[in-house]
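This report concerns the aromatic rings of a protein model and the way in which they pair. Please consult the sequence and the structure shown below while reading.

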Amino acid sequence: MTAGRRLVVEADGGSRGNPGPAGYGALVRDALTGEVLAEVAEAIGHATNNVAEYRGLIAGLRAAAALDPAARAEVRMDSKLVVEQMSGRWKIKHPDMIPLALEARELASGLDAVTYTWVPRARNAHADRLANEAMDAAARGEEWSRDEGPAGTAAEQAGDGAPEEGGDSAPAWSPAVGAATTTLLLRHGETPLSIEKRFAGVGDVPLTDTGLAQARAAAQALKGRGVDAIVTSPLGRCRATAAEVAAATGAEIRIEEGLRETDFGAWEGLTFAEVGERWPAELKSWLADPASAPPGGESFTAVARRVRTALDKIKVRYRHRTVLVVSHVTPIKLLVRHALGAPMASLYRMRLDVASLSSIDWYDDGPATLRSFNDVHHLRV
């Protein structure tokens, strides 16, 4: 790509109600020819208009950076709020908007230059149409996304059945540059359901006495790791584990909804054998396809989206610091999978024990390094 290429990012987002079923759409054009180079859109569940608009901006900036990180981009949106806030003329007061604006600014800083222009809705019709398709899908309760253009085509040809999550993956041989943001990943301690190998999703099961002892052992192992902050799933088993580490390290705890476990729906509390007896076809589909969800539950593809959003917020809020992430089997495996650039099928090939520690370094220029995985040495006492 020629340095200094000019791109136009058109973005929009909205919800059916405020908040309500929400989605965003964005596209990237060549500024000289008007050719559409990439389109992205996604149904994001239940959210406000402003959250959806910022998500559209973030997706558009990410698509532009994937096309040419040396480009100069003009962002065109019909949201006066987002344009004025990103231009620095209006303050950002709502706490939900601050991490999204920081993420957008981080992406914009990776391009040569970014300017923001307000346009009337009629001149933002393409992005508005994409956003409406996403909102329609959200209103139907569907998991829906669209990624078309050079990056999307490459992902399809690679054979990964799940939607790719952005354009920030560097080739494996690219050296990392600068300081890293380090995430130490701690799975919660033992629970009654983990002992019996039962599906434990969004139900709030407590730690056992052994699980609490495991959390304390992990806390002691983390005392010398320079933990600056703790970000935890909202579920009780993770919050109890995080509390032990906070007591040992003095780090503050922040709750992140996106780090909760998969919602296993009707399978919650059951064993694999019990699920196989009652839902044999559904279990077979779930084991074969990450986009397949348990009855009344959540697919791994859907979990991957919210975990990626949680990671983006962590990387912006705690840039170049060390963060302990206390979570569950699925979110931690998804973070490892994303760091490695592995297919979704890799989730079925990882073992992650209770109270185990893993570590990933994330670099500003894209590459990530998995430094350790499923370390349980601190439990062998």
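How many aromatic pairs does a search of the whole structure find? In this predicted model, the search finds ten aromatic pairs. Two of the pairs are described here. A pair of aromatic rings is described by the distance of the centres and the angle of the planes.

The rings of Phe199 and Phe272 form a tilted pair, because their planes stand at 35° with the centres 5.0 Å apart. Phe199 belongs to the loop between α6 (192-195) and α7 (209-222), whereas Phe272 belongs to helix α9 (residues 272-278); the pair therefore ties together parts that are 73 residues apart in sequence.

The rings of Trp267 and Trp286 form an edge-to-face pair, because their planes stand at 90°, with the centres 5.5 Å apart. This pair also links distant parts of the chain: Trp267 is in the loop between β9 (253-255) and α9, and Trp286 is in helix α10 (residues 280-288), 19 residues apart.

The table lists the accessibility of these residues.

| Residue | Relative accessible area | Class |
|---|---|---|
| Phe199 | 5% | buried |
| Phe272 | 42% | partly exposed |
| Trp267 | 0% | buried |
| Trp286 | 5% | buried |

Phe272 is classed as partly exposed because its value of 42% lies between the cut-offs of 20% and 50%.

Which residues do ring pairs link into a cluster? The cluster consists of Phe199, Phe264, Trp267, Phe272, Trp279, Trp286, Phe300 and Tyr348.

Conventions:
Residues are numbered from 1 along each chain as its sequence is written. This is a predicted model: local features need pLDDT of at least 70, side-chain atom pairs count only at pLDDT 80 or more; totals for chains, interfaces and linings use all residues. Side-chain values use heavy atoms; hydrogens and water are left out. Rings of Phe, Tyr and Trp (its six-membered ring) pair if their centres lie within 6.5 Å; planes under 30 degrees apart count as stacked, over 60 as edge-to-face and the rest as tilted. Helices (H or I, at least four residues) and strands (E, at least two) are DSSP runs, numbered from the N terminus. Buried means under 20% relative accessible area, exposed over 50%, partly exposed in between (1.4 Å probe, protein chains only).
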